[in-house]
Amino acid sequence: MDDDATDNHLRTTTGPHAERQAEHHAGDRARHHAGDRAGDHAVVLGAGMAGLLAARVLAMRFSRVTLIERDELPLGEAVFRPGIPQSRHVHVLWSRGAELIELMLPGVTGKLVAAGAGLFDSPRDFLWLSPADWFGPVSGSRVLLASRELLDTTVRAEVLRNPRVRIRAGAAATGLVAGPDGRTVSGVELRGGERLDARLVVDATGRSSKAPAWLAALGHPAPAVTRYDSHLGYSSRYFEIPDDPGRRWQGMYVQGRPELPRGGVLVPLDGDRWLVTLVGNGEHAPSVRDEEFLPFARSLRSPALYDAIRSAVPLSSPTAFRNTANEWRHYERLERWPAGFLVLGDAACRVNPVYGHGMTAAALAAEALAKEIRTLNPAEIAAASRRIQRRTLATAAVPWQIATSEDMRYPVTEGPAPDRATRILQRYMSRVMAGANTDQAIASRFFGVLSLTRPPGTLLDPVTMVRVLSRRHLPASPHTTAYPAHHGPPVRRGPSAERGARRSA
Ligand SMILES: Cc1cc2nc3c(=O)[nH]c(=O)nc-3n(C[C@H](O)[C@H](O)[C@H](O)COP(=O)(O)OP(=O)(O)OC[C@H]3O[C@@H](n4cnc5c(N)ncnc54)[C@H](O)[C@@H]3O)c2cc1C
């Protein structure tokens with residue numbers, strides 16, 4: 001599927017005219033299925049990003065879409081909830097994800113920005129030390145930075161503006177209901193024993209998905225699983241943004257390297273805060289003790305992040321996240337698949353979050369879902385579940401390739417050994433990263449791929465290959481400067497710095 005066809009599809013299916021058309025067609029089908037309670041009803045389990053976007057797309061073809069969410073959802077408030085524990089850690093929405101979500105929910109970006117989200121050019125607006133060296137002031141890709149709570153609340157509100165979509169918060173799915181043949185899916189069972197009939201059930205319950213066990217209960221085999229675990233640990237903490245009129249960057253990313261697998265990200269968030277996430281692999285995983293946060297920041301490859309936060313006032317204690325393994329449940333390989341069931345988002349394939357791809361991957365799967373169901377009625381969609389499962393899961397291939405091939409550089413990573421092609425690609429990508437630091441043409445292509453906007457083959461076209469391979473410097477053991485040439489250390493500290501110093505004393 002090429003980008004144009006995809007975008008055209010979304011454009012034509014999300015405009016007001018198309019919306020009316022979709023409603024008209026779905027209305028016809030609803031009438032067609034009158035009397036069949038499940039016929040025009042889709043149930044989506046989990047109101048995370050994958051579930052919300054799937055509900056939005058399904059509302060084009062189903063006259064009723066019910067989102068089932070285990071958490072209670074405080075209306076309109078962008079607050080923490082236990083079902084999305086990762087929200088306390090940095091979330092970057094790459095341009096491809098932001099564009100797709102905007103296509104599905106026109107106007108959502110403006111609402112996010114009005115509520116305090118920021119749109120930046122990465123890496124130009126950041127201080128970014130790649131495994132090779134500092135990025136110069138090159139332009140790459142647009143990123144949207146916001147708290148995960150704001151992203152979810154805003155996207156949820158937009159999805160629920162569609163009268164076909166309803167949400168039941170505080171309701172947990174506990175299993176699938178089998179159809180008359182015992183193997184297809186005709187609904188879902190909720191905690192407490194209640195059953196909901198549905199033509200289609202979508203599992204978007206994230207990494208805690210019980211789909212393999214639910215399928216087994218219907219007599220289907222469990223999927224094979226491929227797993228790469230780089231044992232990456234997160235520790236994150238909010239800070240007041242210290243006054244510094246001389247600061248010329250908006251955020252910061254100091255990446256680790258295999259021989260010093262420690263890094264840190266600093267982003268500005270809605271609410272005039274910084275969120276700082278420290279990461280490390282294996283024994284380098286950062287602790288959550290208050291007193292160890294700054295020393296860890298000081299131990300990175302550059303003092304820049306430590307310099308930025310050492311006098312900043314912390315607004316929270318650090319919180320941890322540990323289970324960051326890449327995990328692909330190969331539902332696409334199963335020879336039998338129940339009609340009326342799909343698994344989307346992290347529930348099907350999750351990738352190491354450090355590359356920032358999970359939400360964009362959810363948007364890509366929703367886009368594929370939209371394309372697959374474009375001309376089908378609800379009964380046909382249910383019957384086509386196996387094909388739709390394969391096509392939606394196929395969209396995870398590029399984020400998976402990026403995350404696993406990068407993770408495989410780290411000796412601590414557990415998983416199938418890299419094949420020869422992957423090893424060659426890794427060496428080539430080392431050169432690409434070095435080139436992208438300063439070469440605008442390489443940077444544009446590199447960030448096109450990293451933002452999931454361009455296919456990886458973009459980096460292998462002859463012109464790019466010549467530029468990449470002709471570079472003299474390979475980043476085998478770079479001697480990076482403490483700060484990039486275009487930005488030195490902070491020269492003076494504002495009053496909030498003194499406040500911070502007093503508070504932590
Ligand atoms: C530490 C960390 C950092 C990350 N950083 C980024 C980033 O920078 N950029 C990015 O794009 N992605 C990032 N991600 C990934 C991103 O959070 C997810 O990939 C993305 O949101 C898609 O998730 P999902 O909707 O599939 O699942 P989730 O977001 O996990 O949502 C699942 C939902 O299902 C609900 N649920 C669970 N069980 C049930 C049940 N039985 N019944 C009903 N509801 C249920 C949960 O309460 C939750 O609301 C990060 C992830 C982690 C862990």
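Arg 409 has a relative accessible area of 23% and is partly exposed (between 20% and 50%; buried means under 20% and exposed over 50%, with a 1.4 Å probe and only protein chains counted). Its salt-bridge partner is Glu 406, with the closest N and O atoms 3.0 Å apart; a salt bridge is a side-chain nitrogen of Lys or Arg within 4 Å of a carboxyl oxygen of Asp or Glu. Glu 406 is buried at 13% relative accessibility. The model is predicted: local features need pLDDT of at least 70 and side-chain atom pairs pLDDT 80 or more, while totals for chains, interfaces and linings use all residues. Residues are numbered from 1 along each chain as its sequence is written, and side-chain values use heavy atoms, without hydrogens and water.

By this rule the count of salt bridges is 27. Arg 81 pairs with Asp 71 at 2.9 Å between the closest N and O atoms, and with Asp 152 at 3.7 Å. Asp 152 belongs to helix α6 (residues 148-160) and Arg 81 to the loop between β2 and β3, so this pair ties together parts 71 residues apart in sequence; helices (H or I, at least four residues) and strands (E, at least two) are DSSP runs numbered from the N terminus. Arg 81 is buried, with a relative accessible area of 7%, and Asp 71 is buried at 8%.

An oxygen atom of the ligand lies 2.9 Å from a side-chain N or O atom of His 91. For Gln 86, a polar side-chain atom is 3.0 Å from a ligand oxygen atom. Gly 358 places a backbone N or O atom 3.3 Å from an oxygen atom of the ligand.

Definitions and conventions. Polar contact = N/O pair within 3.5 Å; in protein donor to acceptor, adjacent residues only side chain to side chain.
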